[in-house]
Amino acid sequence: MIRPQPSHRRPLAVAAAALAGLAAAVAFTAPASATNASPSPSPTVTASPSTPTQPAPHCVKAVDATYTHTFDGPKGEASITLTNGPLCAGEQQELALVSYVTPSATFAVPQYLLDKSIKKFVGVADGELGVATLDFRVEVPNCHTQVDFLFGSTIIDPLTDTSDRYGDRKVGSSSGIGARSTGPRGWYNGGSGSCSAAPEVIAESDCEGSVELTLVNRTGNAAATFTITGSGGFTQTVTVPMRTIETRKLNPGQAQEITVTAAGMKDFTGGWQKPEDCQQPEVGAPDADYESTCDAMTFRISNPEDGATVTSTFTPSKGEAKTLTVEPGRAGSVSFTASKGLTVTVTGDLDSGGPLAWEQPKDCAEGGAGGGTPGEGLPVTGAAAGGIAAGALALLAAGAVLFVVARRRRIRFTA
């Protein structure tokens, strides 16, 4: 008997039915909370967009700052940019661009400053923005010149054999502070044509005996050096930069004879000369008079505080002469014993203009005629006495009017 071959479909069907039964069992035994037979996809979390924030400015100390720069020496222009700033609060960095007048198109001294421009970076508070770039410009002379771009604000003027040098302060140097900036060398020597000064001297005298010298270098394109020589061994050398005016004053002891020399100028010679508009100082006039008493002939001088010292000599017709000196603010007198025929002549700063006669007062006791003989002490009367009295009064008035300030000036002394 021939049996048919077993089919492979039956085992596969049995396996599929077992799997289906197992799945149904799992479904019925699941937790009651799982009410949704169909699994739902998990929700997707999406981040909400936000505005990007700018980072706060990062500040640096001046010693850590770095820069880039430009430089054009012939034009006298430069600029510098702070690349890692701004500077922190309280920090600063000064820079300068300077131009000089020089004796050569290559480096040579002396050099005199023509123009300068000084600016600085300053620190800022947190969150603030600072200036990033500084621009500089200076005048360049139309002759030989040197232009330097520098860290710092200390300017050397003039540059000489013995003066300081800028060294690595120059922007763009290979070392030192100048190396903090990247760019061309910040210095230039060049130009064409020799620089020359145009010196000039103006002298002006005052009423006190002094002379003021005005040293002018207004139109030149180089500094002018003046040498001043005065009386009493006085000498002084003054260097006046181009387009500049300076003054020097010589006192009366130095100003009597003056010589000023400078290259490119005819020597100046002169000295103090009294200006026409000087006014004489007002000096008070003294009061001067004399008096005849029964016993003496007395002369008095009273000098005011603003007067001048007065010295006069009184010469009597009998006896020795007397000299009287009266300082300002003081008074003085001299007397002579009365006697018949006594006269006194005053000379010196006060001048009587001739002899002045003693006159016996009317009320003198008889026999008291100043040492004269009885009966001879009475005053002279008549035309002669009147003439003498009138003359004395005239001399007194003239003396007060003619007194002057100088001690050597002769003034009439009057009764």
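Modeller: Let's start with rings: those of Phe, Tyr and Trp (its six-membered ring) pair if their centres lie within 6.5 Å, with planes under 30 degrees apart called stacked, over 60 edge-to-face and the rest tilted. This is a predicted model, where local features need pLDDT of at least 70 and side-chain atom pairs pLDDT 80 or more, while totals for chains, interfaces and linings use all residues. Numbering runs from 1 along each chain as its sequence is written, and side-chain values use heavy atoms, leaving out hydrogens and water.

Biologist: How many aromatic pairs does the rule count, and which residues form one aromatic cluster?

Modeller: The count is six aromatic pairs. Y290, F299, F314 and F336 form one cluster.

Biologist: Which charged end sits over the ring of F336?

Modeller: A charge sits over a ring if NZ of Lys or CZ of Arg is within 6 Å of the ring centre and within 35 degrees of the ring normal. Here the charged end of K322 is 4.9 Å from the centre of the F336 ring. K119 likewise lies over the face of F136, at 5.7 Å from the ring centre.

Biologist: Now the strands, please. What order do β9, β10 and β13 take in their sheet?

Modeller: Strands (E, at least two residues) and helices (H or I, at least four) are DSSP runs numbered from the N terminus, and two strands pair if DSSP finds at least two bridges between them. The chain has two helices and 22 strands. Three of the strands make an open antiparallel sheet ordered β9-β10-β13. Its edges are β9 (200–205) and β13 (244–250), each pairing on one side only. β9 and β10 (residues 211–217) pair over six bridges, and V201 stands opposite L215 in β10.

Biologist: Is H69 buried or exposed?

Modeller: Buried means under 20% relative accessible area, exposed over 50%, and partly exposed in between (1.4 Å probe, protein chains only). H69 counts as buried because its relative accessibility is 6%. This residue lies in strand β1 (residues 67–72). Across the chain, buried residues make up 34% of the 415 residues.

Biologist: Which residues does H69 touch?

Modeller: Contact means heavy atoms within 4.5 Å. Leaving aside residues up to four places away in sequence, H69 touches S79, I80, F149, V171, G172, S181, T182, G183 and P184.

Biologist: What joins the side chains of H69 and S181?

Modeller: A polar contact of 2.6 Å. That term means N or O atoms within 3.5 Å; within protein, one must be able to donate a hydrogen and the other to accept it, and residues adjacent in sequence count only if both atoms are side-chain atoms. The backbone oxygen of P184 also lies 2.5 Å from a polar side-chain atom of H69.
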